[in-house]
Structure formats: structure tokens, C-alpha cells
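Try each task yourself before you read its solution.

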Amino acid sequence: MTSPATSSIPLDHGQRWRAFWVCVSVAALTILDLSKVNVALPSIEAAFGAASTQLQIVVSGYVLMFGLALVPFGRLGDQRSRRQLFIIGLSLFTITSIVCALAPTIEILIAGRLLQGLAAGIQMPQVVGTIQQIFTGKERGRAFGLFGATIGIATAFGPTLGGLMIALGGAQDGWRWIFWMNVPLCLAVLAGVVFLLPRTSTPTPGRLQLDPIGLVLFGVMIVTLMWPFLFTTGSPDDDPRRWWSLVVFVVFAAAFVWWERRYAASGKAPLIPFALFTIASYRNGTLIATTYFTAIPALFLLTTLFLQLGVGLEPVFAGMVSIGFALASAVSAWYGGNLVGRLGRPLVVWGLGIVLVSVVVLTVVAYTVPAGVVAYAMAGVMFVAGIGAGLVVAPNQTLTLAEIPTRSGGLAGSVGQLGQRIGTAVGTAVALSLFYAAIYRDKDAGRAGLGVYHDAYAFGMISVALFVALAFLLGVIDLASRRRARGR
């Protein structure tokens, strides 16, 4: 049995694209906070004397709460009003941004970031669900192309904006400006939702079906999966007992699968309909996106840390290295969205290949180019990587949701986003732990200077390269399966 869905309201061309741009503004605001806070970590550490674990939670705690909220609120949006959930999510995002900006202690900042992640998880499923609902055919490809371009710009410009806020606000309080800038942005986007977003659906009457037991099992499963990665910093002080939570994860994952199948067999709508994963295009596309997003946020974070801590660049200049990535990915995402209907999966595979080569070249550049010009060389490689990235995100999103009914767009998109957020948490933790473990090891051995950070960057980038290579392999496997299916 499928969950009750909202009924679509037909929109004309202008209304569809007005709704699209409002949704994209919400997405950009949400994704921006995934990357712009990274450059503030040294400033936050200096302001509060924060431990490495606390700094990790400032970044990954946002991702954890983001992931926890995606599926239940994606399902709620499919059944009720996405517009109301936009308003709730944006209002909470505004309030929590103020809490973070005014935080007198690291504990208050962490609490604000956790609630901010919840707000992001409320609103992001409504973005994908709305786009999936109001566009079809080639127009959907163009819409997801622009969506991917916007996400690429927001992700890559985040470090630059964060560094600019620190430069304007000063080393002591500049990190607070990163959160203050959210307030006018949130209010502007909220006004767009209230005054410009047309009604795209009417709720289907009847009781909500949210599967409360499945929701509890799901929540424990996600927390126990992400917990050890949240507390992995690469420091010798990391508690090895944290990995025992993965045993709890396995138990609750098995219980969740058993319950969801039992719940579905009783004629009710489960929290996650596993039938979605019987659709090959959705299953493969979700796996590709998850592994890809395990790599890319870590790529930005490692490069920023190398340039700040190793080369000694100011945060704003370290962040500017990714501008070329943002611009290139925006342009290629637009073209990718228009070409995906004709070229299909090969477009994504080519994009992943370009990103993989760029990751290897970035590592070589960090080792071989003199410190005075290494940032310029890395910016050039980032530009090429951005071309590949734009051919991955938007076309893969279109291919992933191509066979999903529009009434399930919010839930299907939420599951995909959940995979991306889990990937972000895992990939960031793995890369950071390798980066800092190399630093601790070299310093214990008496080494100092830029060479320490060369090694740290290389070890971290090995994990990035492996995850991109896995995404590339999954793309090749999906391409082969599609060709076999066409040959039958």
C-alpha cells in the first residue's frame, strides 16, 4: 500500500518556474551551511578553547540532524502541505542561526547547530519533492540541471563566504558573522515562500501515516551508524570504544527492516518503502550519489585546511580556491541537465572520471608546486574538477528519479538526500582522521613545516579518491546493466 499523497494543482509555465526558483533558494541556503562553517573552525577553537571532538560536532552534528529529519519530513510533505513545512523549516533555521551567532559557549553553539540541522532536514525534502512534482520530461532535466548548478555554487562558494565573514568580522568574532548572514537571507527566502510560491498541491484528507515504531527504529539506526564517525578526529585521544555503536547499528538495522516489511505486509504504508530499491535506476543512482557525496565535502575541507594550516593563507583566500569549481560546475550542470535525456548514464560516468583524475592531480600539485603559487595551481585543478562535478549531480538526480511516481517524489528524494548526508558525515570523518593522524604522527617523530601538511593532505585525499573511484565503478556497472536491458 502506498502512503496517502497530496493532489497536484496544475501550474502554468510561469508558476512552475517561480516555484522552482523559490525552492532552489531554500536549497542553496541549506547547503551553504554545510561548507561555509568549515573555514571558521580555527576561529571557533580559538574563541572557546574547543576540543577537536567539539569542533567535529559543530560540523557533523548539523549533518546528523539533517539526515535524521529527511525521511519523516519528506514523507510528511508527500501527505500534507510542503509550503507549510517550508515556512516551519525556514523560521526554525532563522532562530537557530541567531542562537549560533550569539552563543556564549561551545555547548550553546553545538546545540544551535544541531537544531539548525533539524531545520535543514525539514525543508530540503520539500525542495526535491516539489521539483519532481511540477516538472516532467525534458523540462524536468533542465530544472534539475539548474538545481545542480545552484547546489554546486552554494557548496563551493561556502568557504569563500565564510572566509570573507571572518575577514570582515575579525579573527575573534568573524565566525559569528557567518551565522548572522543567515538571518537576512532566511527572511528574504521566507518572504519568497509566503508571497511568491504558488500552491502546488492540496492535502489528501485522512489520517497521517508516519509509522511511529519504524520512525523510532530508524532514528536509533541512523544515530548509531553516524555516532563513531562524529567522534573520529584523528587525535590519539579518540576513544576506540565508539566503534561498538556499529554493533548496535546492525541490530537496529535488522529490526528496522523486519518491522518495515511486517508493517507493509499488514497493508499499511512503511516509513521507507523498500519497493523503491527494486527500481534499478533509483537504486543505482542513489548509491552513486551517496559515494560521490562521501568524497566531495571532504575534498573541500581538506583543501581548505591544507591551505590555511599548511600554506598559511587567510581563510578568505583559502576559500577562494573553490570559486572556479563553483562556476565550472554551474555551467556544466546546466548543460548536463539538458543533455541527460539524450546521453543518459555515460554523461555521469565521464563526469566522475574527470573528478577522479582531478583528485589525483590536486594531491600531486600540493606536493610539487611551491607554496607561493600552490593556491593558484590548485584553483586551476578545481576548475577542471567543477566541470566533471556538474556532469554528475544534476544528470544523476534526473536519472535517479526518472521512474519514481510524482506522489512519492518527496520521500524518494529524502532517502537519496539521507544517503548523501550519511556519506558526508562518514567521508568527512574518515578524511579528517587520516589528515590529523598524519600530523600527530609526523610531529611525534620530530618533523615540522609544510612537509607535515603535504603528508596529511595526501593521506586524506587517498580516502577521497577511493570514494570517487567507487562512485565511478557504480556508474560503469549501472551503464552496463542499462545496455544489457536495452539489448533484450
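This is a predicted model: local features need pLDDT of at least 70, side-chain atom pairs count only at pLDDT 80 or more; totals for chains, interfaces and linings use all residues.

**Exercise 1: helix 1**

Now the length: helix 1 covers residues 13-35, and at 1.5 Å a residue it should span 33 Å. Its end C-alpha atoms sit 33 Å apart, which agrees.

**Exercise 2: two helices in contact**

Describe how helix 3 and helix 5 cross. Start with the axes: those of helix 3 (residues 52-79) and helix 5 (residues 106-134) come within 6 Å and cross at roughly 30 degrees. Angles under 35 degrees count as roughly parallel, so helix 3 is roughly parallel to helix 5. As for the hand, the crossing is right-handed. Sorted by class, the contact has 18 nonpolar, 8 polar and 2 charged residues.

**Exercise 3: aromatic pairs**

Classify the ring pair F20 and F135, then do likewise for W175 and F179. The count comes to 16 aromatic pairs. For F20 and F135, the centres are 6.0 Å apart with 85 degrees between the planes, making the pair edge-to-face. F20 belongs to helix 1 and F135 to the loop between helix 5 and helix 6, so the pair ties together parts 115 residues apart in sequence. Both residues are buried.

On to W175 and F179: centres 6.3 Å apart and planes at 85 degrees, so this pair is edge-to-face. They're 4 residues apart in helix 6, about one helical turn. Both W175 and F179 are buried.

Technical notes. Residues are numbered from 1 along each chain as its sequence is written. Side-chain values use heavy atoms; hydrogens and water are left out. The expected span of a helix is 1.5 Å times one less than its number of residues. Axes are lines fitted to C-alpha atoms, for helices over the stretch in contact, and angles run from 0 to 180 degrees between N-to-C directions. Angles under 35 degrees count as roughly parallel, over 145 as roughly antiparallel, 65 to 115 as roughly perpendicular and the rest as oblique. A crossing is left-handed if the near helix is turned anticlockwise from the far one by less than a right angle, and right-handed if clockwise. Ala, Val, Leu, Ile, Met, Phe, Trp, Tyr, Cys and Pro count as nonpolar, Asp, Glu, Lys and Arg as charged, and the others, Gly among them, as polar. Rings of Phe, Tyr and Trp (its six-membered ring) pair if their centres lie within 6.5 Å; planes under 30 degrees apart count as stacked, over 60 as edge-to-face and the rest as tilted. Buried means under 20% relative accessible area, exposed over 50%, partly exposed in between (1.4 Å probe, protein chains only).
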